[in-house]
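I'll jot things down in the order I looked them up, starting with the ligand.

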Amino acid sequence: MSATLGLRELVVDFRRRGQLPLRAVDRVSLALTPGRTLALVGESGSGKSTVVRALSGLVRPTSGEILLDGEVVRRLNRLAYRRRVQMVFQDPFASLNPAHDVAHHLRRSLLVHHRAATRGASEEVDELLVSVNLVPAGDFAAKRPHELSGGQRQRVAIARALAPDPDVLLADEPVSMLDVSIRLEILNLLDRLKTDRQLAMLYVTHDLATARHFSEEVVVMYRGEIVERGTSDEVILSPAHPYTQLLAAAAPTGIRGAAGDGSRRRPIPVAHDEAERRQTIVGGGCRFVRRCPYAMDACFERPPELEVSPGHLARCWLHATGGSVVTRRDEDRYG
Ligand code: SF4
């Protein structure tokens with residue numbers, strides 16, 4: 001199956017007055033395919049949200065290409081691109097205009113993208129609300145955002161994203177600002193919509209447990225670059241990169257069968273921000289070297305490539321010889 005939306009060697013630099021530029025995203029390539037979810041995982045500052053903003057057109061890439069069905073996106077009509085690629089934002093409170101009712105938000109998107117012929121479009125609005133389980137639809141259509149709970153607002157935001165009938169949904173931490181009790185409902189809704197509509201979905205999160213359950217593929221980012229990628233079970237149950245291993249070990253919810261179940265939880269070492277940032281700019285050794293429990297001489301000298309085995313890749317010198325993936329359970333060999 002060909003990729004619907006892809007990134008090829010995406011680089012995003014942020015210029016800072018009087019300072020060296022910050023490379024937020026460094027040569028990131030990935031592909032989103034219909035009916036599948038790719039989870040982009042990493043801590044704050046890893047560059048995952050910048051990737052989503054570049055894909056949605058909110059950030060201009062410094063270099064690299066965004067491809068939609070193999071065609072370079074900068075040559076495409078912007079409105080046509082937005083019709084096919086929609087985004088669900090992290091904050092459902094800020095993403096809706098408090099001055100307008102729910103019907104207005106949905107109707108506007110339907111009309112802009114020519115999905116409704118009339119200014120009323122009440123039938124189409126009702127259909128969208130039913131698709132995200134906001135029933136009776138007529139009641140919700142007349143409500144304003146302040147009359148809705150956080151979960152209901154996020155459902156409205158999802159319905160608005162569905163209004164143009166997109167092929168791709170970019171979900172940037174869609175449940176991180178919601179009560180724990182309703183996160184699962186929203187993720188189940190997104191999962192059902194992905195299957196029913198054959199959406200290609202990007203799920204950005206720092207939560208490894210939900211990444212495993214709601215995605216087929218996981219990509220882990222650290223300091224702007226991909227450090228590990230593979231199927232969700234491979235990456236989360238048998239993490240190959242020491243950073244992924246630490247993320248799993250620090251997971252607050254515990255991941256059954258993974259290195260990070262609750263009994264073995266341990267904190268992630270603190271980053272040495274400036275030193276790592278400088279290293280990022282000059283392109284020195286491994287970016288994780290100052291936090292890595294397995295660091296060796298080579299790690300300070302040359303950046304590792306992304307390699308290990310077909311389908312499961314890690315950017316780490318521990319795997320540079322072409323041997324099998326080294327998991328946390330093998331840590332004694334390197335401890
Ligand atoms: Fe650790 Fe070295 Fe691997 Fe980097 S390359 S993650 S420092 S072992």
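I checked where the ligand is: it sits in the largest cavity. Sitting there takes more than half of the molecule's atoms lying within 2 Å of the cavity's grid points. A cavity here is a set of points, on a 1 Å grid over the protein atoms alone, where a 1.4 Å probe fits but cannot get out.

**Ground rules.** I'm looking at a predicted model, where local features need pLDDT of at least 70, side-chain atom pairs count only at pLDDT 80 or more, and totals for chains, interfaces and linings use all residues. Residues are numbered from 1 along each chain as its sequence is written, and side-chain values use heavy atoms, with hydrogens and water left out.

**Confidence.** pLDDT is the predictor's confidence in each residue, from 0 to 100. I noted a chain mean of 84, with 83% of the residues at 70 or more. Over residues 257-268 the pLDDT is below 50, yet I find 32 contacts in the model for this stretch beyond near neighbours in sequence. Contact means heavy atoms within 4.5 Å. Residues 277-282 also stay under 50, with 12 contacts beyond four places in sequence.

**Whole chain.** I count 12 helices and 12 strands. These are DSSP runs numbered from the N terminus, with helices being H or I of at least four residues and strands E of at least two. Of the 335 residues, 50% count as buried. The cut-offs are under 20% relative accessible area for buried, over 50% for exposed and partly exposed in between, with a 1.4 Å probe and protein chains only. I also looked at contacts with a separation of 6 or more: 62% of them join residues 24 or more positions apart.

Six of the eight residues of helix 1 (residues 48-55) are buried. I wrote them down as K48, T50, V51, V52, A54 and L55. After the helix comes G57, which has a positive phi near 85°.

I66 belongs to strand 4 (residues 63-68). Why does I66 count as buried? Because its relative accessible area is 10%. Beyond four places in sequence, its contacts include A54, L55, V73 and Y81. Its C-alpha atom is 7.0 Å from that of L55, 11 residues away along the chain.

**Strand 1.** R8 lies in strand 1 (residues 5-16). I get a relative accessible area of 43%, so R8 is partly exposed. R8 touches V28, S29, G64, E65 and L67, leaving out residues up to four places away in sequence. G64 is 56 residues from R8 in sequence, but the two are 5.6 Å apart, C-alpha to C-alpha.

**A buried lysine.** K194 is in helix 7 (residues 180-197). Its relative accessibility is 4%, so K194 counts as buried.

I found a cis peptide bond from V135 to P136, with omega near 0°. P136 is in the loop between helix 4 (122-131) and helix 5 (137-141).

D69 is not a glycine, but its phi is positive, about 50°. I placed D69 in the loop between strand 4 and strand 5 (71-72). R223, also not a glycine, has a positive phi of about 50°. R223 sits in the loop between strand 9 (217-222) and strand 10 (225-231). Is D69 buried, partly exposed or exposed? At 44% relative accessible area, D69 is partly exposed, whereas R223, at 15%, counts as buried.

Terms used: 1 Å grid on protein atoms, 1.4 Å probe; cavity = no way out; pocket = protein on both sides within 12 Å on 5 of 7 lines; lining within 4 Å.
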